[in-house]
Number of protein chains: 2
Amino acid sequence: MPSLTSVLGVLDPTSDRAVFRQIADALREAIDKGRFREGDKLPSETELVDHFGVSRMTVRNALSLLQQEGLAVSEHGKGVFVRPRPPVRRLASDRFARRHREQGKAAFTVEAEAAGSRPEVDNLEVKEERPSQDISARLGSPRKVLARRRRYLLDGRPVEFATSYLPLDLARNTPIAQPNPGPGGIYARLEEMGHRLDHFDEEIRARMPSPAEVRTLQLASGVPVIHLVRTAFDAEGRAVEVCDTVMAADAYVLAYQLPAN
Amino acid sequence: MPSLTSVLGVLDPTSDRAVFRQIADALREAIDKGRFREGDKLPSETELVDHFGVSRMTVRNALSLLQQEGLAVSEHGKGVFVRPRPPVRRLASDRFARRHREQGKAAFTVEAEAAGSRPEVDNLEVKEERPSQDISARLGSPRKVLARRRRYLLDGRPVEFATSYLPLDLARNTPIAQPNPGPGGIYARLEEMGHRLDHFDEEIRARMPSPAEVRTLQLASGVPVIHLVRTAFDAEGRAVEVCDTVMAADAYVLAYQLPAN
DNA sequence: TAGTGGTCTAGACCACTTT
DNA sequence: AAGTGGTCTAGACCACTAG
């Protein structure tokens with residue numbers, strides 16, 4: 001068992017750098033060097049207080065910095081741990097290609113099981129509502145829309161929350177308005193209804209989550225969200241669906257392939 | 001001048017919610033409702049202490065929460081302000097299409113000037129180096145690579161830091177190894193050298209910045225980064241370049257268009 | 001019960017900005 | 001000089017987790 005001094009070093013009293021930043025630096029360096037690995041418990045606040053000879057608030061300030069950086073997570077009553085990197089889900093840009101819709105199951109389920117994870121979908125809600133200004137503009141200003149909300153989980157962990165919006169005149173009294181729209185999902189139904197899909201536009205942003213998103217996705221501090229808005233266009237150029245998705249950024253990598261010409 | 005009570009309300013002493021969270025909630029709600037707008041100064045710590053009748057650390061905890069959420073930024077000696085939303089740069093998925101390379105200027109410069117911004121590129125560094133394991137794997141395991149580093153700024157604000165890696169056997173003693181590779185950039189040079197570009201793969205992640213990235217991009221707390229890794233493939237299927245880009249997430253929206261078939 | 005982190009107080013001194 | 005946020009101390013009590 002190495003001493004804390006050999007792992008964390010000591011403070012430099014001549015440095016201009018704030019003490020809590022020096023402590024955070026020491027911990028960050030130890031993590032980077034592999035002295036603490038994913039899931040390892042960091043020294044407790046009391047141990048750090050004793051080791052560095054500072055007050056508890058100074059130590060907490062340092063640990064708070066690491067959490068903001070996404071390097072550590074605290075668990076009440078247990079300790080502060082090096083944040084485990086969850087398995088990452090890769091979203092390929094061809095994931096909505098027509099050939100992926102032939103199968104009966106939802107893309108999320110098929111893909112997750114192939115990756116050895118246990119997929120769940122919950123919070124299913126299907127509602128008619130008045131669209132926000134943004135959604136309305138993207139869909140060609142319908143008076144009302146059908147909203148389909150769901151949350152995706154992998155191995156019990158929420159990773160994504162998505163809402164699909166469709167113009168109500170298009171979706172009302174169709175399988176799309178059912179909780180389960182059937183094999184191939186709503187895109188398959190849209191094509192059966194004569195809206196052959198032509199292309200999708202996707203817009204990607206990243207930001208820190210709102211408090212509501214922290215709850216819904218059970219996000220640790222220091223984890224941003226990826227906000228993806230996808231618009232589906234049919235062969236006539238009509239926007240037939242907008243899907244608004246918020247993803248836990250540490251659970252995803254998005255992959256796109258672009259032609260050069 | 002409305003009273004603080006009318007803007008922020010009062011604490012609920014019967015609530016289980018921590019006092020600093022209640023204060024953060026009050027400020028967040030006031031911001032959402034437009035009582036404080038972008039760039040506005042929030043009440044000072046002293047004012048909040050007096051208004052809520054709590055200690056300064058409690059108030060600071062609340063303000064710190066808002067900063068972590070990306071809602072506020074503090075400026076030493078001046079105050080805490082509602083974080084201004086900078087103009088967003090839209091990256092279209094066809095930005096590397098061949099037709100955009102005919103012009104003499106760099107894409108970044110052309111686009112920024114069209115949007116009414118003042119573009120700068122600095123920190124130009126061109127170096128031969130040994131590739132990291134990740135870069136090496138993407139480029140087909142060259143022993144050495146040419147690395148081209150640069151930072152992009154809009155109106156004086158750093159928004160993006162990028163490094164291009166090319167196999168050294170391909171780039172050595174070519175215009176690509178010059179600080180200024182000439183009109184159309186390195187992609188134009190690659191095509192002149194017989195590497196007709198076929199497609200690009202892009203991988204997108206979002207995460208909190210490292211301390212070094214905070215410095216380079218002058219990021220406020222509560223602003224994540226978008227990490228984009230693009231690999232360029234020539235017509236023979238060879239990976240001829242990997243571009244590793246870190247962007248201030250609040251300055252970008254990435255747009256992609258995907259075919260449906 | 002002992003150890004952990006979460007919240008909160010009431011001070012102090014410092015550094016930066018503005019007047 | 002006055003006001004602002006930045007850092008730090010030395011306590012206190014609480015809530016959660018573990019053995």
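I31(A) is found in helix α2 of chain A, which spans residues 19–32. The model described here is predicted, and in it I31(A) is buried, with a relative accessible area of 11%. Leaving out residues up to four places away in sequence, I31(A) touches F36(A), L42(A) and V82(A). L48(A), by comparison, is 17 residues from I31(A) in sequence, and their C-alpha atoms are 15 Å apart in space.

An unreviewed UniProt entry places the feature "domain: HTH gntR-type" at residues 17–85 of chain A. In the model, residues 17–85 of chain A are 51% helix and 12% strand, and the end C-alpha atoms of the span lie 30 Å apart. S64(A) belongs to helix α4 of chain A, which covers residues 56–68, and with 25% relative accessibility S64(A) counts as partly exposed. Between the C-alpha atoms of S64(A) and V80(A), which are 16 residues apart along the chain, the separation is 10.0 Å.

## Helix α5 and its buried face

In α5(A), the residues F108(A), T109(A) and A112(A) are buried. Viewed down the axis of α5(A), the buried residues fall within an arc of 95°, so they line one face of the helix. Just after α5(A), G116(A) adopts a positive phi of about 80°.

## Aromatic pairs

Over all chains, a search of the whole structure finds 5 aromatic pairs. One of them joins F108(A) and Y152(A), whose ring centres are 4.5 Å apart and whose planes stand at 50°, so the pair is tilted. Because F108(A) lies in helix α5 (residues 107–114) of chain A and Y152(A) in strand β5 (residues 145–154) of chain A, the pair ties together parts that are 44 residues apart in sequence. Both F108(A) and Y152(A) are buried.

Y187(B) and F200(B) also form a tilted aromatic pair, with 5.3 Å from centre to centre and 55° between the planes. Here Y187(B) lies in helix α8 (residues 185–192) of chain B and F200(B) in strand β7 (residues 197–207) of chain B, so this pair ties together parts that are 13 residues apart in sequence. Y187(B) and F200(B) are each buried.

## Nonpolar cores

In soluble globular proteins, nonpolar side chains tend to be buried together. The largest nonpolar core in this model has 80 residues, and those with the most contacts inside it are I204(A), L254(A), Y256(A), I204(B), L254(B) and Y256(B). Setting aside neighbours within four places in sequence, I204(B) is in contact with I204(A), Y252(A), V253(A), L254(A) and Y256(A) of chain A, as well as with I226(B), H227(B), L228(B), L254(B) and Y256(B) of chain B.

## Relation between the two chains

Two copies of a chain are related by a rotation about an axis and a shift along it. For this model, chain B is superposed on chain A by a rotation of 180° with 0.0 Å of shift along the axis, giving an RMSD of 0.0 Å. The two copies are therefore related as by a two-fold rotation axis. Of the interface residues of chain B, 100% are also interface residues in chain A, so the copies meet through the same surface.

Key:
Residues numbered from 1 in each chain as written. Chains lettered and ligands numbered in written order. Predicted model: local features only at pLDDT ≥ 70, side-chain atom pairs only at ≥ 80, totals over all residues. Heavy atoms only, no water. Phe/Tyr/Trp six-rings, centres within 6.5 Å; stacked < 30°, edge-to-face > 60°. Helix = DSSP H or I, 4+ residues; strand = E, 2+ residues; numbered from the N terminus. Buried < 20%, exposed > 50% of the residue type's maximum accessible area, 1.4 Å probe, protein only. Least-squares fit on C-alpha atoms with pLDDT ≥ 70 in both. Contact = heavy atoms within 4.5 Å. Core = buried A, V, L, I, M, F, W, Y, C linked by side-chain atoms within 4.5 Å. Arc of directions from axis to C-beta. UniProt positions renumbered as here; feature names shortened; annotations may be inferred.
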